[in-house]
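Biologist: Before we discuss the metal site and its surroundings, may I see the sequence and the structure together?

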Amino acid sequence: MATAKKVTRESAAPKPKEATSLLRADHKLVNDLFAEYEKSRSNVRKKQIVSMICKELTIHAQIEEEIFYPAVKAALKDKELIPEATVEHATLKDLIAQVKDVDPDGEIFDAKIKVLSEYVKHHVKEEQNEIFPKAKESSLDLLEIGAQLTERKAELSEKYK
Ligand SMILES: [Fe+2]
Ligand SMILES: [Fe+2]
């Protein structure tokens, strides 16, 4: 007779992940959404994709600014990378505001998404190539920061409008 598998609390809980892996996964998701936008021909679908991109980017930027950036800045005694990334977030937010809840209406809208995607790629490259390696070499507890990011992201996803 087959025995039912015992579901333990451990197996139900998500596996802890390092902050940098979680942020990388967000970057990949957004990158995939931009690729899907490029292939998409329907304005209804485009609007759905843009709304997912705006949500992902807004929450991602906020958890970085609230949790990851201050931790990295303190650990690295950084005066350059994090301020620069923070300024880039401000530009990203301006670009997001221009496309959020707007109906895709042709080439200017497509151009705005293209510029947003290129800007995101540039920003992600700096994070992944410059900030993340330094964070990994530092004394930061990336698993603990990862847990904080996960918790805050869940909270913000609930509240996002
Ligand atoms: Fe960022
Ligand atoms: Fe990021």
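Biologist: Is His123 buried or exposed?

Modeller: The model is predicted, and His123 lies in its helix α5. Buried means a relative accessible area under 20%. Because His123 has a relative accessibility of 4%, His123 counts as buried.

Biologist: With which side chain does the side chain of His123 make a polar contact?

Modeller: Leaving out residues up to four places away in sequence, His123 touches Glu64, Tyr69, Ala85, Glu88, His89 and Leu92. The polar contact of the His123 side chain has a length of 2.9 Å. The partner is the side chain of Glu127.

Biologist: Which residues coordinate the iron ion (ligand 1)?

Modeller: The donor residues of this ion follow the spacing E-x4-Y-x19-H-x33-H-x3-E in sequence. The distances from the donors to the iron ion (ligand 1) run from 2.0 to 2.6 Å. The donors are Glu64 (OE), Tyr69 (OH), His89 (NE2), His123 (NE2) and Glu127 (OE).

Biologist: How many residues apart are Tyr69 and His89, the pair that links distant parts of the chain?

Modeller: Both residues are donors to the iron ion (ligand 1). Tyr69 belongs to helix α3, and His89 belongs to helix α4 (residues 81–99).

Biologist: Are Tyr69 and His89 buried or exposed?

Modeller: The cut-off for buried is under 20% relative accessible area. Tyr69 has a relative accessibility of 2% and therefore counts as buried. His89, with a relative accessible area of 1%, is likewise buried.

Biologist: Why is the arrangement around the iron ion (ligand 2) classed as it is?

Modeller: This ion is coordinated by His27 (NE2), His60 (NE2), Glu64 (OE) and Glu127 (OE), at 2.0 to 2.2 Å. Four donors count as tetrahedral if all angles lie between 85 and 135 degrees. Because the 4 donor atoms around the iron ion (ligand 2) subtend angles of 80 to 174°, the arrangement is irregular.

Biologist: Which residue coordinates both iron ions?

Modeller: The iron ion (ligand 2) lies 3.3 Å from the iron ion (ligand 1). The donors of the iron ion (ligand 2) are spaced H-x32-H-x3-E-x62-E along the chain. The residue that coordinates both ions is Glu64.

Biologist: Which side chain makes a polar contact with the side chain of Arg152?

Modeller: Arg152 is found in helix α6, and at 18% relative accessibility Arg152 counts as buried. Apart from neighbours within four places in sequence, Arg152 is in contact with Gln62, Ile63, Glu66, Ile67 and Lys159. The polar contact, at 2.6 Å, is with the side chain of Glu66.

Biologist: What arc do the buried residues of α6 cover around the axis?

Modeller: The buried residues of α6 are Leu142, Ile145, Gly146, Leu149, Arg152 and Leu156. They are on the same side of α6, because the arc that they cover is only 135°.

Biologist: Which exposed residues does the opposite face of α6 carry?

Modeller: The cover over the buried residues of α6 includes α2 (19–39), α3 (43–76) and α5 (107–137). The face turned away from the buried side of α6 carries the exposed residues Glu151 and Glu158.

Biologist: How far apart are the end C-alpha atoms of helix α6?

Modeller: Helix α6 (residues 142–159) has 18 residues. At 1.5 Å a residue, α6 should span 26 Å. The model agrees with this, because the end C-alpha atoms of α6 are 26 Å apart.

Terms used. Residues are numbered from 1 along each chain as its sequence is written. Chains are lettered from A and ligands numbered from 1 in the order in which they are written. This is a predicted model: local features need pLDDT of at least 70, side-chain atom pairs count only at pLDDT 80 or more; totals for chains, interfaces and linings use all residues. Side-chain values use heavy atoms; hydrogens and water are left out. Helices (H or I, at least four residues) and strands (E, at least two) are DSSP runs, numbered from the N terminus. The expected span of a helix is 1.5 Å times one less than its number of residues. Buried means under 20% relative accessible area, exposed over 50%, partly exposed in between (1.4 Å probe, protein chains only). The arc is that of the directions from the helix axis to the C-beta atoms. Contact means heavy atoms within 4.5 Å. Donors are N, O and S atoms within 2.8 Å of the metal (3.2 Å for Na, K and Ca); water is not among the atoms, so sites may look incomplete. Four donors count as tetrahedral if all angles lie between 85 and 135 degrees; four count as square planar and six as octahedral if opposite donors are over 155 degrees apart and all others between 65 and 115; anything else is irregular. A polar contact is a pair of N or O atoms within 3.5 Å; within protein, one must be able to donate a hydrogen and the other to accept it, and residues adjacent in sequence count only if both atoms are side-chain atoms.
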